[in-house]
Protein chains: 2
Amino acid sequence: MAVKVLTIKEDILVANDVRAKENTDLVEKKNILMINIMSSPGAGKTTLLLKTIDDMKDKTRIGVIEGDVASSVDADKINEKSIPVVQINTAGGCHLDANQVSQGLNNLPLDDIDLLLVENVGNLICTAEFNLGEQKKVMMLSLPEGHDKPYKYPLMFTEVDVVLVSKNDLAPLLDFDMEEFVSAVKGLNEKTEIYPISAKTGEGMEAWYSWLENQLKSRQGS
Amino acid sequence: MAVKVLTIKEDILVANDVRAKENTDLVEKKNILMINIMSSPGAGKTTLLLKTIDDMKDKTRIGVIEGDVASSVDADKINEKSIPVVQINTAGGCHLDANQVSQGLNNLPLDDIDLLLVENVGNLICTAEFNLGEQKKVMMLSLPEGHDKPYKYPLMFTEVDVVLVSKNDLAPLLDFDMEEFVSAVKGLNEKTEIYPISAKTGEGMEAWYSWLENQLKSRQGS
């Protein structure tokens, strides 16, 4: 009798991709640009979102899906900006999946959103494996985490369209080798764009906004 | 016909606990103190290990198990200290498990080790779920990650015996509210000890070494 092999992980990922495709179809139909933002805990995703909302909300209608293992502290902060936001708690899960994001989409006023920022659970591993239906993937690597992270979390760096190197204001105090970091990232993924930023000083934020605006424009042109 | 419910995660954890118990029995027999060190990526686990080895190796025989998704950059650094070290690559897995650590133990000279430091994969979620057979769990939370992390990753803070708050030399530049952090941690786990440290300036390292020495002594006395 043949041994039965359970390929549970593959099945989960296939099921996830089916639902992710439905999410993509929905946001495309609503002419929304959905971006999946990933990082380690505390790299500055929520701070990035708050600053981006402040600086872009006059010309772009923004919505947010917040993913966390527990709590709604991030969604509470976004909510103060009077932006549509949904908090998803994964109850121990180390990433958002397409099914959870589908429920998030069902609870947002999609006709009033042009740019949907999805803040994934703080994690450099599992989040990289699950497509949510987003058109673009962005990751943040905060300077204090160190320049060796591409070697240790290669899938994340292989998957993303943009790497934001956050907390760049701390550069004088840290031994972060930007040249080695860029070389390691490009070795995994030549097409990724890398922007050093500081939400605190505003450094580099214009490059991030330009990238977002170009993505929004190229969608309107399509 | 009754619906068949697959409780895969529970089964995995039960199987893990059986193997973890075997690991505990082995290290107890060898009179080794095994410590599972967890944190986000880049919080400073390897730097802590390197500094601890430098400062304690004259009186304590130290061994290391390094866990990473990929690469051996950390084990290479430990190896330069002429300390027994094994690198485990999880090939995508977001945590070490007891089975992997068992293999690590089989590849270390256990008769020559008093203190075995296990550096887990950089992750605040999955690592907290899997016992490795260690006698004590330690986590590092680096100051740049922010004081709100206990709300977002409660299981980790509930599980650990010690929280090392690392990169404390950056405190003047950050808005980390230590009082709120300590209160949040103690709310989840009253018994956890919390030590602010900086491997860079050496601040607080003595408290960490004292804790380690007390653990080693209390084992010898038992």
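## Where the chains meet

Two residues are in contact if their C-beta atoms, placed from the backbone, lie within 7 Å. The contact between the chains takes 30 residues from chain A and 30 residues from chain B. On the side of chain B that touches chain A, α5 (149-152) and α6 (154-159) of chain B each supply at least two residues, and the largest share, three residues, comes from α5(B). Helices here are DSSP runs of H or I with at least four residues, strands are runs of E with at least two, and both are numbered from the N terminus.

That side of chain B divides into 16 nonpolar, eight polar and six charged residues.

## About the model

This is a predicted model, in which local features need pLDDT of at least 70 and side-chain atom pairs count only at pLDDT 80 or more, while totals for chains, interfaces and linings use all residues. Residues are numbered from 1 along each chain as its sequence is written, with chains lettered from A and ligands numbered from 1 in the order in which they are written.

## The sheet of chain B

Chain B holds an open sheet of seven strands in the order β3-β2-β4-β1-β5-β6-β7, with parallel pairing; strands pair if DSSP finds at least two bridges between them. Because β3 (85-89) and β7 (193-196) of chain B each have a single partner strand, they stand at the edges and one side of each is left without a neighbour in the sheet. From one strand to the next, the twist averages 20 degrees.

Strand β6 (residues 162-166) of chain B runs parallel to β7(B), and four bridges join them. Leu164(B) stands opposite Tyr195(B) in β7(B).

Leaving aside neighbours within four places in sequence, Leu117(A) is in contact with Ile35(A), Ile37(A), Leu49(A), Ile62(A) and Val64(A).

## A look at Met205(B)

Met205(B) lies in helix α8 (residues 205-220) of chain B. Met205(B) counts as partly exposed because it has 18 C-beta neighbours inside 10 Å; a residue is buried with 20 or more other C-beta atoms within 10 Å of its own, exposed with 12 or fewer, and partly exposed in between.

How values were computed:
Ala, Val, Leu, Ile, Met, Phe, Trp, Tyr, Cys and Pro count as nonpolar, Asp, Glu, Lys and Arg as charged, and the others, Gly among them, as polar. Axes are lines fitted to C-alpha atoms, for helices over the stretch in contact, and angles run from 0 to 180 degrees between N-to-C directions.
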